Amino acid sequence: AQDHGGRSDELGDLDRFLAVLTADERAIMILSYACGLSHREIGDATGMPVGTVKSIIFRGKEKIRQSFDIEHHQYG
């Protein structure tokens with residue numbers, strides 16, 4: 001395997017993390033973390049209440065932490 005530097009490893013981790021999420025969770029996590037949208041902006045874009053967006057993000061982070069045994073503050 002070729003080494004393309006840290007970036008490709010990081011992307012591989014991201015793919016592995018996102019793979020444990022449902023399609024909805026994955027989409028919302030990407031909007032939040034990759035696109036930098038606020039909870040309100042995600043709610044407007046998806047038609048979901050802000051509270052639902054927050055709980056999906058929280059649940060998604062918990063799933064990733066549990067699946068990969070990540071310490072709480074390692075990735076935010």
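Modeller: A definition comes before the confidence values: pLDDT is the predictor's confidence in each residue, on a scale from 0 to 100. This is a predicted model. The chain averages a pLDDT of 84, and 78% of the residues score at least 70. Helix H3 (residues 39-46) has the highest confidence in the chain, at a mean of 96, while H1 has the lowest, at 72. Residues 1-6 fall below 50 in pLDDT, and this stretch makes zero contacts in the model beyond near neighbours in sequence.

Now the helix pair. Helix H2 spans residues 23-34, and helix H4 spans residues 50-68. They pack at an angle of about 100°, and their axes lie 9 Å apart. Angles of 65 to 115 degrees count as roughly perpendicular, so H2 is roughly perpendicular to H4. H2 brings Glu25, Ile28, Met29, Ser32 and Tyr33 to the contact. From H4 come Val53, Ile56, Ile57, Arg59, Gly60, Lys61, Lys63 and Ile64. By class, this contact has seven nonpolar, four charged and two polar residues.

The largest nonpolar core comes next. It has eleven residues, among them Ile28, Met29, Val53, Ile56, Ile57 and Ile64. Phe17, Leu18, Leu21, Ile42 and Ile70 also belong to this core. H1 (6-19), H2 and H4 each supply at least two of its residues. H4 gives the largest share, four residues.

Leu21 deserves a separate word. Leaving aside neighbours within four places in sequence, Leu21 is in contact with Arg26, Met29, Gly60, Lys63 and Ile64.

Notes: Residues are numbered from 1 along each chain as its sequence is written. This is a predicted model: local features need pLDDT of at least 70, side-chain atom pairs count only at pLDDT 80 or more; totals for chains, interfaces and linings use all residues. Side-chain values use heavy atoms; hydrogens and water are left out. Axes are lines fitted to C-alpha atoms, for helices over the stretch in contact, and angles run from 0 to 180 degrees between N-to-C directions. Angles under 35 degrees count as roughly parallel, over 145 as roughly antiparallel, 65 to 115 as roughly perpendicular and the rest as oblique. Contact means heavy atoms within 4.5 Å. Ala, Val, Leu, Ile, Met, Phe, Trp, Tyr, Cys and Pro count as nonpolar, Asp, Glu, Lys and Arg as charged, and the others, Gly among them, as polar. A nonpolar core is a set of buried Ala, Val, Leu, Ile, Met, Phe, Trp, Tyr and Cys residues joined through side-chain atoms within 4.5 Å. Buried means under 20% relative accessible area, exposed over 50%, partly exposed in between (1.4 Å probe, protein chains only).
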